[in-house]
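Here are some notes to go with the structure, written as numbered points. Keep the model open while you read and find each residue as it comes up.

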Amino acid sequence: APMFGLGTDDGHHYHGKKTARPGRGWVMVRAGSLNPAELIDAMNRGDFYASSGVTLADVQFDSENQTISLTIQPVDGETYTTEFIGTKKEYDQESTPRLDSSGKPIQATRVYSKDIVQVLATDTSLNPKYQFSGEELFVRAVVTSSAAAVDPSFSDQKQQAWAQPIVATKK
């Protein structure tokens, strides 16, 4: 099963302009109400996405047609680019240990090949779609706005939204 992705900030510094401050990333949940049980149920289903400013009006997976479709809620003057990223079934599975500054392996992480996650398609419409080819392990959509992040974490950061990974469910 895919691992769901969260987009949150690392809020340790609530005053001033230190690096770990709140308000840079959040989760948008599709639920009928703000009832905690409904929110948790929706998140357990993966019916949420991460954002740093882009709003998605809808994210759907049509299992019959094996198609992911999004509806971006536009903001006047902004343009959007959606990249459908994923891992193909035949990716290079080799990895090497990540090394610390002294050259010793860090046990918690590895360096994987660059083809583990690839851009599979790009769409600049407000209703981007992706058709599974059958070669993917999973696909997720990353929507990037032309608008600058309100409180950027790095230079030239743009507002984004990240949909959950979807695994094709061929019948």
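1. Start at L56. Setting aside its neighbours within four places in sequence, L56 has contacts with Y49, L70, T71, I72, Q73, V143 and A161. Bear in mind that you're looking at a predicted model.

2. Now widen the view to the largest nonpolar core, which has 16 residues. L56 is among the members that touch the most others, along with V54, I68, L70, F84 and V143. As for strands, β4 (67-72), β5 (80-88) and β10 (136-148) each put at least two residues into this core.

3. Next, hop to Q164, in the segment after β11 (158-162). Is Q164 buried or exposed? It's buried, because its relative accessibility is 6% and the cut-off for buried is under 20%. Its side chain has a polar atom 2.8 Å from the backbone nitrogen of G5, and a polar atom of that side chain also sits 3.3 Å from the backbone oxygen of F48.

4. How many aromatic pairs are there? The count is four. One of them joins F4 and F48 edge-to-face, with 5.9 Å between centres and 75° between planes. F4 comes before β1 (26-29) while F48 is in strand β2, so the two are 44 residues apart. F4 is partly exposed at 34% relative accessibility, whereas F48 is buried at 7%.

5. F61 and F132 also pair edge-to-face, 5.7 Å centre to centre. F61 is in strand β3 and F132 in the loop between β9 and β10, so this pair ties together parts 71 residues apart in sequence.

Terms used. Residues numbered from 1 in each chain as written. Predicted model: local features only at pLDDT ≥ 70, side-chain atom pairs only at ≥ 80, totals over all residues. Heavy atoms only, no water. Core = buried A, V, L, I, M, F, W, Y, C linked by side-chain atoms within 4.5 Å. Buried < 20%, exposed > 50% of the residue type's maximum accessible area, 1.4 Å probe, protein only. Helix = DSSP H or I, 4+ residues; strand = E, 2+ residues; numbered from the N terminus. Contact = heavy atoms within 4.5 Å. Polar contact = N/O pair within 3.5 Å; in protein donor to acceptor, adjacent residues only side chain to side chain. Phe/Tyr/Trp six-rings, centres within 6.5 Å; stacked < 30°, edge-to-face > 60°.
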